[in-house]
Amino acid sequence: MDAESTQLQQAQLMAVLGPDPAPFETLIFHLMSSANEQRSQAESIFNLLKQNDPNSLALKLAHLLSSSAHLESRAMATILLRKQLTRDESFIWPHLTESTRSAVKNILLSAIQREESKSIIKKLCDTISELASSLIPDNQWPEILPFMFQCVTATSPKLQESSFLMFSQLAQLIGETLIPYITDLHTVFLNVLNNSPNPDVKIAALSAVINFIQCLSSSNDRDRFQDLLPAMMRTLTEALNSGQEATAQEALELLIELAGTEPRFLRRQIVDVVGSMLQIAEAESLEEGTQHLAIEFVITLAEARERAPGMMRKMPQFISRLFAILMKMLTDVEDDPAWHSAETKDEDAGETSNYSVGQECLDRLAISLGGNTIVPVASDQLQAYLSAPEWQKHHAALIALAQIAEGCSKVMIKNLEQVVNMVLNSFQHPHPRVRWAAINAIGQLSTDLGPDLQVQYHQRVLPALAASMDDFQNPRVQAHAASAVLNFSENCTPEILTPYLDGIVHKLLILLQNSQQMVQEGALTALASVADSSQELFKKYYDAVMPYLKTILVNATDKSNRMLRAKAMECISLVGMAVGKDIFKEDAKKVMDVLCSLQGSQMETDDPTTSYMLQAWARLCKCLGQDFLPYMSIVMPPLIQSAQLKPDVTITSADSDNEIDESDDESMETITLGDKRIGIKTSVLEEKATACNMLCCYADELKDGFYPWIDQIVPILVPLLKFYFHEEVRKAAVSAMPELLRSAKLAVEKGIAQGRNEQYVKQLSDYIIPALIEALHKEPDTEICANMLGALNECVQWAALDGPAGGGDVTRAVGLGAQQISGLLLDEGQVRSIVEEIKHVLTASSSRKGERSERAKAEDFDAEEGELLKEENEQEEEVFDQVGEILGTLIKTFKASFLPFFEELSSYLMPMWGNDKTAEERRIAICIFDDVAEQCREAALKYYDTYLPFLFEACNDENADVRQAAVYGLGVCAEFGGSAFKPLVGEALSRLNVVIRHPNASQPENVMAYDNAVSALGKICQFHRDSIDSAQVIPAWLNCLPIKNDIIEAKVVHDQLCSMVERSDTDVLGPNNQYLPKIVSVFAEYCDISIAVTTYTASINPCLDMVVLTASTTACIAVDSAIVESWLRKGSSLLLLRSGMMEIPQPKRSVVVPEVAAREAACLLRASNARTT
């Protein structure tokens, strides 16, 4: 600022501070100016005044709000003073002298008594409440509460209303300080609600009552206000009866708030309260807004599950009435000619606010109450509407069915035939809006009732949709039929789609040539989904489809065609992924050239092309793999820009006259929190989420190829771990963390990291892992908590030397000192942080489960609520799963060095063994001990006395997964327990015998427990033979072989059998080789299993199998002829396999067993020769 400007500003400041109030009032007017320069100058002077002389500023504002003749000045001065007295960075109160403070308080109390403007009185109440909330707790304004109680009993309705408005605000801000006055407040509230003739005073009192009830933590304190409820409801009914609907709507909004936060307060009088609300909703003489608020009250009560579970389900008569009201609202739809034009802008033509509210409320009601409550009510009413002659009722029934499907899916799936018939019968209705509604219902049901609907009714649904695509007289119906194909195919397997593909693709190509843009867009989305679902089966249609898609991409350049072009991008990329790189690569280059051109052009902020292009690029990368790398320099800059978008948030006062303008942007959503109205532009958040997801996709697909972008991306994504505006953004950031660490590590290992070494990876790890831990500590969402634990586990694995594949050299990973944590990339401080966070996670999870247990004790708790709680607890189990995974990783990485941390955690883990815990919790606790015993070996022996009794008990657990973990643990302890396990061998044999001889051991759910028990028995035979009767136990073990389901344990067990045969173990061969036929049989069967699940890579002597057979059959050993034939077939199979003439499918889980097969054969040869010499 130059000297002249400074002098001018100082002169203005002196004038403002002078005795004449006019310059200060002019300054306040200028702060409200629409002229930017004038407003900016005024703000500079105001801030200078605040900084240099806060006392004068506070007094000037106080005098202006109390004495100005101009309403605007008084209002603005009140707002500005409130901002200065709010406890934030603007808070000037501590800087004021005692005389200024006293003057401000006196002026405020005087002003509220003199002010006549209702809007300014409300602003004064806000200002006084804000200041009082800071001063009352420390008794710095002893006059305020007596003043408020005095106003309550005054004869002036204005003062009474003001006092209640202040009580209402204080209850929100510092409610606990008002609790000592609970008796006085109860008397005041009851008197005013019963006796005041003034509706504004009653509404203010109602607001104060409701806010005060919400601040009471004690149910006994809340119950003292029960007798106010009839008077609270009368405030509403009296306003309605006297025609004061605006007042009634205020009362309804306050009661809705109470229903959402303290529904149990309404419990004793719920019948009267809900009955009154439904009566209002049914009163056609009232405004729609009033009816909608009454409905919102009942829906809010139904949704208040956590505070009053099951309460509304106990009143089926009211649910039936509410459902009937909502169904009637759905009939409020007109047959607007614009709807038939199939223009996107007319998509909602003919729909009223009643129709929209009815749709939304049916959806919410079904989700909150569930199918057992809603479906019986819906069945009767929907049938009546479907049989009515009016098309509006038929339409309403189909819309209602679609709306309740999500919340009622479990019950509707049980009645699927009835539901499908109800919808498909309407496909032939004469009115196109009814046919559209039927197609809409099928689309929604395909999503909510899939894949059951697809599996059972594809032969009826797909032909019906295909026929609807021929409705050329009604292009909107055609377009919606194509969209429904999308919904249907998303839950479809290629096998289901195959018989219909020719017909569907043919029809969609016809629709693609339609002149109506909506029809073309529907066809594009359907083609994209069909390609995605059918995968390789779509190859036969590629040559027919791709030319159309490229034509649209190139030619749809008008602004009106932006969405069409965007959907063409989506379709092309999904078709490319379906058919694969080899077929798509030529067209891919041309498509990417077009996308590059678009990327370089200027696009408007609302152009959907941006979001669709981000996703299309990522799919093209997935399809082309490393061949996509040359395009990354084009793709990344706009993607980074989108990922860096700031949330578009607007915050205003809830009572501000300047409403957030939503009219021009449907993506702007507003919520009111306390006295603030917050507007959030969701389209910005969605673009940001898409971009973050795409970054994660690139890192995942390109691996070390993504390395050049890591330094740019990490500082963007790491802070987004705590981006609480949007869950999808956080999820994407979480998923990206291990991918970025992997990319860096692989790049360093491959020498493409521009001279950087492991220290760079460590720096990255040191930045990512603590950030993940911090974000996990603050994460409010259970699902994202589990995701974060999973990502943290992967990061820890990549921070180990050899990454998730595993382990590496133990001494290198653990460090030279046996009791010292010193992983290459993970230090002791980070391990400590992880362990502390695991403690926090387990404590928080236990607390959440405790809250659910309390909900289960509520008087209205029912079976449906129990199902919902079960689902929530299952989500909680995912958190426990991930805790088990990350502890397993730490134990495997640091071995015995981790045991001090394990001991710290034992008090958190031991409760998980309890019978009162879920089976999954017990299983995880056992697996953690199994890891300790297996990885720490001798160092873990000290825990046997504590944990083995739990293992023994868990062998009898009713849950098969728990039994499997327990018997696996016994095997580990048998192998590594040495003398510590020896006294427990008898007990272990007894427990294993129960699992092995379980009558349903061969059932699919039990086979893994059986296989692990057999493996554990084998380890006892191997490591504790001197403690068992080997002549009995080993043949018993042999008779359990082969094990066929747990391939890892099968490898261990049959390797053990080979070793025993190799050394001619008499116990396994038996007297006179009597068990040799069984051994041959085991090897033969095992060869079957091996060929089915493995790829043979070792070289085996082509004649070995036949030599074995010769040796076996000439040794006078009784081997069943079927086994010999089987063995010959194995020999042929192995020969064919070795010669490359026989293809074996690649397994999902590779287990190397060719050496075992070779050893089996050699063992048999040696054993038979030894016994026949």
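Analyst: What follows covers the basis of the model, then salt bridges, cysteines and a few helices.

User: What are the ground rules?
Analyst: This is a predicted model, where local features need pLDDT of at least 70, side-chain atom pairs count only at pLDDT 80 or more, and totals for chains, interfaces and linings use all residues. Residues are numbered from 1 along each chain as its sequence is written, and side-chain values use heavy atoms, with hydrogens and water left out.

User: How many salt bridges does the structure hold?
Analyst: There are 56, a salt bridge being a side-chain nitrogen of Lys or Arg within 4 Å of a carboxyl oxygen of Asp or Glu. Lys-622, Asp-700, Glu-701, Glu-739 and Arg-742 are linked in a network of them.

User: Which residue forms a salt bridge with Asp-1067?
Analyst: Arg-1025, with the closest N and O atoms 3.1 Å apart. Asp-1067 lies in helix α51 and Arg-1025 in the loop between α48 and α49, so the pair ties together parts that are 42 residues apart in sequence. Helices are DSSP runs (H or I, at least four residues), numbered from the N terminus.

User: Is Asp-1067 buried or exposed?
Analyst: Buried, at 17% relative accessibility; Arg-1025 is partly exposed at 26%. Buried means under 20% relative accessible area, exposed over 50%, and partly exposed in between (1.4 Å probe, protein chains only).

User: And where do Asp-766 and Lys-762 lie?
Analyst: Both are in helix α37 (residues 758–778), four residues apart, about one turn of the helix. Asp-766 is partly exposed at 31%, whereas Lys-762 counts as buried at 16%.

User: Switching topic. How many disulfides are there?
Analyst: Zero, from a search of the whole structure; the criterion is a pair of cysteine sulfur atoms within 2.5 Å. Cys-785 is buried at 7%, and Cys-1058 is buried at 0%.

User: What span should helix α17 have?
Analyst: At 1.5 Å a residue, its 15 residues (316–330) should span 21 Å, and the end C-alpha atoms are 21 Å apart, which agrees. The expected span is 1.5 Å times one less than the number of residues.

User: What do the buried residues of α17 pack against?
Analyst: They pack against α15, α16, α18, α19 and α20. Among those buried residues are Phe-318, Leu-322 and Met-329.

Methods: Helices (H or I, at least four residues) and strands (E, at least two) are DSSP runs, numbered from the N terminus. Contact means heavy atoms within 4.5 Å.
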